[in-house]
Amino acid sequence: MPPPRTPGRALRQRLAELRGPDVPAKALDARALAALAANPGCKRRAILDGAGVNKAALAGALGSPSVFGQSQFAFTRGNAFEARVKADGGAELLRLVHERLDRAAEPPERAQVPDLTAVGPEGRTARTALALREATEAPGTWTLLDHPMLALDVAGSPAFLEPDAVVVHPDGSWTVVEIKSFPMLDGSADPAKVGAAARQAAVYVLALEAVAARLDPAPRVRHRVLLVCPKDFSNLPTASAVDVRKQRAVTSRQLARLTRIQDIADALPEGTCFSPELPAAELSAAVESVPAAYAPECLAACELAFHCRDRSRAEGAVTSLGRSVRADLGGLATVDDVLAAARGEAGDPADPAVAALRRAARLRAEALGQEAAPCR
């Protein structure tokens, strides 16, 4: 079984130079990949994540500290809940998988829980692939892989991912399990949080499909994942099957469109470095040398969002108002362009966006009892 493709020595050395001397790389996780796939046009995030730059430390050094991330209380509560779900060899977790996804199979009275211990992420990835193959070749048994390690190629660089669990069914199919600490109230959870969990699970599904493709015959990776959450306000687990086919398709398409990290790195000025230890002016110049694609959605997904928002507002970019607003304004890229078009000072009257802005300006003037600016 061939190992995941890794970047060449020259690229690894270049990415290390971008991080700074003796700075360890910050590994990509599924959350970061889901956010990266949601904004594939952002070369800044692509190169920073590809180089393993700690964006939280970078944001602090730039004077725009991030508040993005999970609180320590939520992290501790989540770990405690996950431990409860996986207690007794994952008996409760497997019961939920059987109940929600595979009632036709025999109940999981006895399940295999292989040891996935190995040295380094590459070793754990290989051990996980071996455990998946062995479980698939043992029909009629349930197998629970607790925190397996998967690899997914992202713009020419491998990202190592660690789902909460993967279950191999008696028929040899594979299911991703996501364990979250937000509650399910009366059988449903916060749609925004479920959507984020689905996008994260879709990344794991893609990574599992890469493993399955190397087996002959390739086992089926189920597109319905199991989302396990606390029931109501208790600490008792409940679960729901979530279909992630749409999220998987979107993530796969957008990851494929990402500009290769090598291309971005080659376009950077010689000596560019993103080490937080650099002087503020030099660090800011390095960050600004890579184009960003800021949108308000970045605030919930990227540690550098406050810095990019400040720059976007300073430039008057309409993307700071949201992607939908940017799409509606067509070729009007700045707030000054929009205001000039609305006042009739610029813009093609035949442009639907310009015509709509001028009509809105006239209606506003009428409502305020003012004289509208003449159109030119």
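**Entry 1. Helix α14**

I began with helix α14 (residues 335–342), whose buried residues are Val338, Ala340, Ala341 and Ala342. I take buried to mean under 20% relative accessible area, exposed over 50%, and partly exposed in between, with a 1.4 Å probe and protein chains only. Helices (H or I, at least four residues) and strands (E, at least two) are DSSP runs, numbered from the N terminus.

I note for the record that this is a predicted model, in which local features need pLDDT of at least 70, side-chain atom pairs count only at pLDDT 80 or more, and totals for chains, interfaces and linings use all residues. Residues are numbered from 1 along each chain as its sequence is written, and side-chain values use heavy atoms, with hydrogens and water left out.

I then asked what covers the buried residues of α14. The cover includes α15 (352–368), where contact means heavy atoms within 4.5 Å. Just after α14, I found Gly344 with a positive phi of about 80°.

I looked up Val338, which lies in helix α14. Val338 counts as buried because its relative accessible area is 13%. Setting aside neighbours within four places in sequence, I found Val338 in contact with Val318, Leu329, Leu332 and Leu357. I also checked Val338 against Ala249: the two are 89 residues apart in sequence, and their C-alpha atoms are 35 Å apart in space.

Ala360 belongs to helix α15. Ala360 and Ala342 are 18 residues apart along the chain, and I read 7.7 Å between their C-alpha atoms.

**Entry 2. The whole chain**

I next turned to the protein chain as a whole. Its secondary structure comes to 15 helices and eight strands. The C-alpha trace spans about 80 × 50 × 40 Å along its principal axes. Of the 376 residues, 44% count as buried.

The chain exposes about 19100 Å², and carbon and sulfur atoms supply 53% of that area. Accessible areas come from the Shrake-Rupley method with a 1.4 Å probe; for residues, only the protein chains shown count as cover. Among the contacts with a separation of 6 or more, I note that 64% come from residues 24 or more positions apart.

**Entry 3. The sheet**

I traced an open sheet of six strands, in the order β1-β2-β5-β6-β7-β8, with mixed pairing. Its edge strands are β1 (111–112) and β8 (237–243), each of which pairs on one side only. Two strands pair if DSSP finds at least two bridges between them.

How many bridges join β6 to β7? There are three, and strand β6 (residues 174–179) runs parallel to β7. I located Val177 opposite Leu226 in β7, and Val228 in β7 as the bridge partner of Ile179. Six of the seven residues of β7 are buried, so I describe this strand as largely enclosed by the rest of the structure.

**Entry 4. The second largest cavity**

I searched for cavities on a 1 Å grid over the protein atoms alone, a cavity being a set of points where a 1.4 Å probe fits but cannot get out. Grid points are joined across faces, edges and corners, and a volume is the space filled by probe spheres set on the points. The count by this rule is two cavities of 30 Å³ or more.

The second largest cavity holds about 30 Å³ of space. Its lining, made of residues with an atom within 4 Å of a point, consists of Glu178, Val194, Ala197, Ala198, Ala201, Val225, Leu227 and Val242. The elements that give two or more residues to this lining are α8 (191–212) and β7 (224–230). Helix α8 gives the most, with four residues.

Ser284 sits in helix α11 (residues 280–288) and is buried, with a relative accessible area of 16%. Not counting residues up to four places away in sequence, Ser284 touches Leu62 and Arg311.

Pro121 sits in helix α7 (residues 120–136) and is partly exposed, at a relative accessible area of 32%. Under that exclusion of residues up to four places away in sequence, Pro121 touches Met149 and Phe160. I also looked up Pro121 and Val354: they are 233 residues apart along the chain, with 54 Å between their C-alpha atoms.

Conventions. On a 1 Å grid over the protein atoms alone, a cavity is a set of points where a 1.4 Å probe fits but cannot get out, and a pocket is an open set with protein on both sides within 12 Å along at least five of seven lines; lining residues have an atom within 4 Å of a point.
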